[in-house]
Amino acid sequence: MTTLAPSGWPQEDQDRWWTIQQNPLPGNPPARGRNGAVSTALHALAARVGVEAMRQGGSAMDAALATALTQIVLGGGAVISFFGILHLMHHDAATGETTSLNASWNTVLGEDDPMSIPGQVQSGKETVAEMAGSGKPSGRTALVGGFMRGLEVAHRRYGKLPFARLFDAAIELAEEGFVVSPTLASYIEARKGDLARLPETRAIFYKPDGTPYAAGDHFRQTALAETLRGVAAEGADYMYSGAWAARCIAAIQADGGKMTSEDLTRYRPIWSDPVRIERGDRTLALLGEPSEGSVFLVEALNLASAAGLADRPHWSRSADSFVRVAKCCSAMGLFYNKSPEQRQAALPGFDVSNAARVGEPHAKRLWDRLEDESPVAFQSRGIHSDDVVAIDGEGNMVSLCHSINCLIWGRTAIVVDGVSIGDPASYLQPLVAATPRGAQLPNPIELGLVLKEGQPEIAWSSMGGGLHYQSTLSLLNIIDHGMTIEEAANAPRLLAPMMPDGDPTKLVLRVVDGEFPDEVLDATGLDVKRVSPADARFAQGLWIAIQRDSESGDLVAISPSYNNGQAAAF
């Protein structure tokens, strides 16, 4: 049987894609085809796995899921995890149906005092090491991940290949190993103290000589390979009620966590109707409930209308437009990870419900307040993730984002049979407290589809600390400024802002050095830091997209310019 894994590819393809994978900044040439396309924000090799899935008769969903599985192995479970979260949208070309799936964190049934969960992330710092969480590691910081259950239900509904085939590349790469990239090595170095805390984790990330794995070392994850074989054979039950589940609960409880087997067995992903809005000549279909990222995005786009941005010069040429778009993006900080009481206190007299916030009247009123203020301080609080978009030759489309939703492995650095657990509750205490016990946590993920004249045109997804900025800017560039996805991917951008002293009133905006004229930045009157292209990959969100011409069927796929993701097509 032909495999999806690299060992089954022509040697020329293996050499080419490994070279791109190991390069932190390989460039982002567009990929063009008619039969299928995949793009990733991180891990170029995984995109080639997705294309292989479609070459062998798989659907866009098969391609996206096989890609996501491969990404986690290549990343060592640092920023994405098999016990993390997964969100996606799918358009079925045959039926015209567009669906939304949220497999986010469930809160823990036995957690009765969420605000006392220990830990925090040092928001607004420049490096991973500076952002590393503080406080004593605690199993209470773990939440119930939905990645594998979400993957299973998505495949059951839209997949064509046998479920086990999706794991071909992930199992081979975990078993045979690969050379540690500079990026993975930097993550291990930044978190090496925490990775040495528990024997099982130390055995994975430290070599027999007692030193952590470094760039150029050969890195294998044999325990993970066995876990993935179990899931491939038994389905997601292996992780939610089978052998792995018992070991996961034992590890979390050994660190003081309150999660039990009931939390795992009762987990269910949520299918929901997409959020739809009209803008210009396009319709945006976004993640449905319980995603809150779609609310943040619609609010920002409506703020851009209230600010009159479409009638002003582009923010790369105008200081006034730069300040306006910065305010539209940063307004999210009034709501993210805040309790209902905190939100109301920030905006007295406003209706701060999600239903109100997606309306134009709310945006007009909020803009009146923002217009005379400095940009509102916003930090994403260590959201990390990876993206996949895929379109097959039949026109089926998938937009996907998955995440460990904490800072590289988390302070606890719990790993169970090769699967990283993460500590998202170490900084999401207000959100956990506002969510019923055992319910799915609202998530800030932003991804979706763009339709033109009722036909799906673009599948896109966004990730990283500045995901909200990149979603907002990219969609404004395409819809309001008439850019192609290639132009939008390389347009001047605002990066995730920083708070050097941890003070939300002292926000420092960041841009890539050389993308904006100095005279524009100087005229803003704001504190704007120029970041080198090499450092920008740690400071921005990453936006990916594939566009399909509805008449010709031609596909164009793009990836970010500041990381090792890549677009692939055939």
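**Figure 1. Overall view of the protein chain.** The protein chain holds 23 helices and 21 strands. The model is predicted. A compact globule of 570 residues would have a radius of gyration near 25 Å, and the protein chain, with 22 Å, agrees with this. Along the principal axes, the C-alpha atoms occupy a box of roughly 60 × 55 × 40 Å. Of the 570 residues, 64% count as buried. Contacts between residues at least 6 apart in sequence join, in 74% of cases, residues at least 24 apart.

**Figure 2. The open sheet that runs from E1 to E8.** Seven strands are arranged in the order E1-E20-E19-E15-E14-E9-E8, and their pairing is antiparallel. Strand E1 (31-33) and strand E8 (275-279) are the edge strands; each has a single partner strand, so one side of each has no neighbour in the sheet. On average, neighbouring strands here are turned by 20° against each other, direction ignored.

**Figure 3. Close-up of the E8-E9 hairpin.** E8 and E9 run antiparallel and are joined by five bridges. Within this pair, Ile277 stands opposite Leu284 in E9. Two residues lie between the strands of the hairpin, and Gly280 in the turn has a positive phi of about 60°.

**Figure 4. Strands E14 and E15 with the helices on the sheet.** Strand E14 (residues 447-452) and strand E15 (residues 455-463) run antiparallel, with six bridges between them. Lys452 is placed opposite Gln455 in E15. Helix H20 (residues 467-480) packs on the sheet and touches E8, E9, E14, E15 and strand E19 (542-548). The direction of H20 makes about 150° with that of E15. Helix H14 (residues 293-306) lies across E8, strand E9 (282-286) and E15, and runs at about 15° to E8.

**Figure 5. The open sheet that runs from E7 to E21.** This sheet has seven strands in the order E7-E4-E3-E11-E10-E2-E21, with antiparallel pairing. At its edges stand strand E7 (270-272) and strand E21 (567-569); each has a single partner strand, so one side of each is left without a neighbour in the sheet.

Figure 6. Six bridges pair strand E3 (residues 85-91) with strand E4 (residues 98-103) in the antiparallel sense. His87 faces Asn102 in E4 as its opposite residue. H3 lies across strand E2 (36-40), E3, strand E10 (386-392) and strand E11 (397-403). H3 runs at about 155° to E10.

**Figure 7. Helix H10 and its cover.** The 13 residues of helix H10 (residues 222-234) should span 18 Å at 1.5 Å a residue, and the 19 Å between its end C-alpha atoms agrees with that. The buried residues in H10 are Leu224, Ala225, Thr227, Leu228, Gly230, Val231 and Ala232. An α-helix has 3.6 residues a turn, so residues three or four places apart point the same way. Cover for the buried residues of H10 includes helix H3 (60-74), helix H5 (147-158), helix H6 (168-176), helix H11 (237-240) and helix H12 (243-254), as well as strand E13 (419-420). Gly235 follows H10 and has a positive phi, near 85°.

How values were computed: Residues are numbered from 1 along each chain as its sequence is written. This is a predicted model: local features need pLDDT of at least 70, side-chain atom pairs count only at pLDDT 80 or more; totals for chains, interfaces and linings use all residues. Side-chain values use heavy atoms; hydrogens and water are left out. Two strands pair if DSSP finds at least two bridges between them. Helices (H or I, at least four residues) and strands (E, at least two) are DSSP runs, numbered from the N terminus. Axes are lines fitted to C-alpha atoms, for helices over the stretch in contact, and angles run from 0 to 180 degrees between N-to-C directions. Contact means heavy atoms within 4.5 Å. The expected span of a helix is 1.5 Å times one less than its number of residues. Buried means under 20% relative accessible area, exposed over 50%, partly exposed in between (1.4 Å probe, protein chains only). The radius of gyration is taken over C-alpha atoms; the globule rule is 2.2 Å times the number of residues to the power 0.38.
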